Amino acid sequence: IWAEMLEDRKFYLTPDSPESPWHVVGGDGILTMETEDAYAGDHNPRVALVQGAERGLVQRGLGLVAGRDYVGRVVLRGPVGGGATVSLIWGPGTQQKQTFPIRPFDQAFKTYQFRFTAGEDTDDGALQILARGLGPMDIGAVSLMPADNIHGMRRDTLALLKELDSPVYRWPGGNFVSGYDWRDGIGDPDRRPPRKNPAWKGIEHNDFGIDEFMIFCREIDTEPYVVVNTGLGELDMALAKLEYTNGAADTPMGRLRAENGHTGPYNVHWWGIGNEMYGDWQLGHMPLEEYVVKNNAFAG
């Protein structure tokens with residue numbers, strides 16, 4: 001459903017590490033992971049820049065369609081007098097790419113928007129961020145989506161879901177909910193912390209949270225069914241989620257929802273308590289007699 005094309009867009013993994021989709025451009029030993037004042041999560045990449053050389057990061061393996069528009073943004077800060085370029089690449093030739101210039105750098109993190117049109121079809125496109133200057137460049141977050149996305153969601157997938165016409169959709173789904181803190185998925189998407197997926201492989205960007213789910217339900221005209229975490233989650237987390245979702249704008253969590261751009265309550269009627277807590281594979285699994293007490297506290 002989510003239209004994001006980049007993996008690990010907020011750098012949970014260190015570029016050039018075995019599992020990372022990002023690769024360093026410009027030589028070995030030029031990248032560190034900055035933990036002080038990190039933009040999102042625990043750290044962000046810092047590239048050491050030198051005069052006369054281009055250095056940065058690249059992610060390959062992107063599927064691009066000729067003539068299709070793509071939009072994105074990158075959050076950067078860098079040295080005075082330096083600058084960067086962001087390029088969408090669809091082939092090895094010097095003309096098989098489109099480049100967006102960023103100059104001059106800002107010494108504080110700043111978001112730069114860009115738009116590209118792919119020149120050719122490819123299953124091995126790339127997004128590349130290169131910089132020049134003298135000093136460090138920090139990359140906070142990057143995003144790339146097809147320009148025809150609807151509120152960050154794939155237009156083609158939404159069209160199919162409208163045809164399916166299911167009356168209700170559950171979120172979060174399955175084993176994932178038992179390790180999920182819904183508070184990671186609200187506010188500025190680029191500031192939301194990336195996490196290791198608590199149930200499955202891969203990285204959870206936290207781009208699709210409760211607000212995005214409610215927009216999704218509105219777009220396809222379906223009823224939301226919201227599940228609370230009774231695995232590793234506690235009752236206060238669930239009550240805060242309930243108030244954020246259904247509370248008036250003058251309640252503490254309703255006020256936070258309004259600050260995040262959604263003034264009125266969502267009025268969710270359907271709620272689920274936990275997921276498969278009977279199974280020893282489930283995060284937070286406990287003996288039945290203990291879970292009965294926990295479940296009843298949530299239900300009350």
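**Salt bridges and a buried lysine**

Modeller: A network of salt bridges links Glu 4, Arg 9, Lys 10, Arg 73, Asp 190 and Asp 207. A salt bridge here is a side-chain nitrogen of Lys or Arg within 4 Å of a carboxyl oxygen of Asp or Glu. This is a predicted model, where local features need pLDDT of at least 70 and side-chain atom pairs count only at pLDDT 80 or more, while totals for chains, interfaces and linings use all residues. Residues are numbered from 1 along each chain as its sequence is written, and side-chain values use heavy atoms, with hydrogens and water left out.

Biologist: How many salt bridges are there in the whole structure?

Modeller: The search finds 17. One of them joins Arg 9 and Glu 4, with the closest N and O atoms 3.9 Å apart.

Biologist: Are Arg 9 and Glu 4 buried or exposed?

Modeller: Both are buried. Buried means under 20% relative accessible area, exposed over 50%, and partly exposed in between (1.4 Å probe, protein chains only).

Biologist: What about Arg 46, which side chain does it meet?

Modeller: Asp 138, in a salt bridge at 3.0 Å, N to O. That pair links distant parts of the chain, 92 residues apart: Arg 46 sits in strand β3 and Asp 138 in strand β10. Strands are DSSP runs (E, at least two residues) and helices are too (H or I, at least four), numbered from the N terminus. Arg 46 counts as partly exposed because its relative accessibility is 23%, whereas Asp 138 is buried at 2%.

Biologist: Switching topic: where is Lys 294?

Modeller: Lys 294 is in helix α5, residues 288-299. It's buried yet has no salt bridge.

Biologist: Which side chain of opposite charge is nearest to Lys 294?

Modeller: Glu 234, 4.1 Å away. For charge, Lys and Arg count as positive and Asp and Glu as negative; His and the chain ends are not counted.

Biologist: So what does the Lys 294 side chain reach?

Modeller: The backbone oxygen of Thr 230, at 3.2 Å. The backbone oxygen of Gly 233 also lies 3.0 Å from a polar atom of that side chain.

Biologist: And where is Thr 230 found?

Modeller: In the loop between β14 (223-228) and α3 (235-246). Thr 230 counts as buried because its relative accessible area is 0%.

Biologist: What does Thr 230 touch?

Modeller: Not counting residues up to four places away in sequence, Thr 230 touches Ile 273, Gly 274, Met 277, Tyr 291, Lys 294 and Phe 298. Contact means heavy atoms within 4.5 Å.

Terms used: A polar contact is a pair of N or O atoms within 3.5 Å; within protein, one must be able to donate a hydrogen and the other to accept it, and residues adjacent in sequence count only if both atoms are side-chain atoms.
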